[in-house]
Amino acid sequence: MSVDNDDFRRRIRSDIPHSARVWNAWLGGKDHYPVDRELADVVSAAYPQMVDIARASRAFQIRAIHHLASAGVRQFLDVGTGLPVANSTHEVAQSIAPESRIVYVDNDPIVLAHAEALLTSAPEGRTAYVDADLSDADAVVDEAAKTLDLSEPVAVLLLSTLGHLVPAEGIEVVQRYLARMPSGSYLVLCDTVTTPQTLAAQEAYASGDNPPYLVRKPEEITDCAKGLELVEPGFVSIDRWRPEEDDAVPVDQWGLVARKP
């Protein structure tokens, strides 16, 4: 994989917020432009829990990967990975099983540039990056199959990502990913649930010149996992999914880990 400098400059827009960079701002990162920071602040002002949600989503991701890698999963497809941060998927998985294989998927040119520079692998394993839209499920899986063995279980991660699609399309896209995966594969999924407060955040986010991010009714998340077996504790606020501390405070983002029979 390589980044063509001319193509990169054509694709990058520093005058329009982008979801991966806004998310990076909420996480306290530095890989964003002033326009991303401005929108992050607008949303946080409308919905102060937004920063907590971003951090809880990252923590849920780490716990879920740790659980699955400890249970023997050795392949991960991280769709909508965003900008690299500490404890990325490959770092967590390969800290438990160095032979793990990870494929990242995103369509932000800045994420692409950082992926080439930063997403490395333990010698025993492999990492790869697919520059594609999450809705192109078959194209993503076809490209990921160059790194992953689709005859063996794969954990598909879609974390704080589906809001880029209308709910019905999101359900259909997730089911297309899982249809391509063998028995024993897993889905790791979380997204923001509909409340008056999260609807205010949705409206604030839409004030930026970018595609909207749509919050979900609970069933619009759980329907993505139809036919799968939920891993305990089931569908819960992500701070309550196998928390490291008993006093975890619930956030308005719910998630699940589910196994394909």
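**Helix packing and local backbone features of the predicted model**

Arg242 is partly exposed, with a relative accessible area of 36%, where partly exposed denotes values between the limits for buried (under 20%) and exposed (over 50%), computed with a 1.4 Å probe on protein chains only. The structure is a predicted model, in which local features need pLDDT of at least 70 and side-chain atom pairs count only at pLDDT 80 or more, whereas totals for chains, interfaces and linings use all residues. Residues are numbered from 1 along each chain as its sequence is written, and side-chain values rest on heavy atoms, with hydrogens and water left out.

Arg242 is placed in the loop between strands S7 and S8 (253-259), the strands (E, at least two residues) and helices (H or I, at least four) being DSSP runs numbered from the N terminus. The phi of Arg242 is near 45 degrees, a positive value in a residue other than glycine. A positive phi, of about 50 degrees, is also found at Ser160, again not a glycine; Ser160 lies in the loop between strand S4 (155-159) and helix H8 (167-179) and, at 12% relative accessibility, counts as buried. Most residues other than glycine have a negative phi, and most peptide bonds are trans. A cis peptide bond, with omega of about 10 degrees, links Glu232 to Pro233, and Pro233 belongs to the loop between strands S6 (229-230) and S7 (236-237).

Helices H3 (residues 34-46) and H9 (residues 196-206) have axes that come within 8 Å and cross at roughly 155 degrees, the axes being lines fitted to C-alpha atoms over the stretch in contact and the angles running from 0 to 180 degrees between N-to-C directions. That crossing makes H3 roughly antiparallel to H9, a term applied to angles over 145 degrees. In their contact (heavy atoms within 4.5 Å), Leu39, Val42, Val43 and Ala46 of H3 meet Ala200, Ala201, Ala204 and Tyr205 of H9. By class, this contact of H3 with H9 comprises eight nonpolar, no polar and no charged residues, with Ala, Val, Leu, Ile, Met, Phe, Trp, Tyr, Cys and Pro counted as nonpolar, Asp, Glu, Lys and Arg as charged, and the others, Gly among them, as polar.

The buried residues of H9 are Thr198, Ala201, Ala204 and Tyr205. They cover an arc of only 115 degrees around the axis, which puts them on the same side of H9, the arc being that of the directions from the helix axis to the C-beta atoms. Their cover includes helix H2 (19-26), H3 and strand S5 (186-192), while the face of H9 turned away from its buried side carries the exposed residues Pro196 and Glu203.

Methods: Angles under 35 degrees count as roughly parallel, over 145 as roughly antiparallel, 65 to 115 as roughly perpendicular and the rest as oblique.
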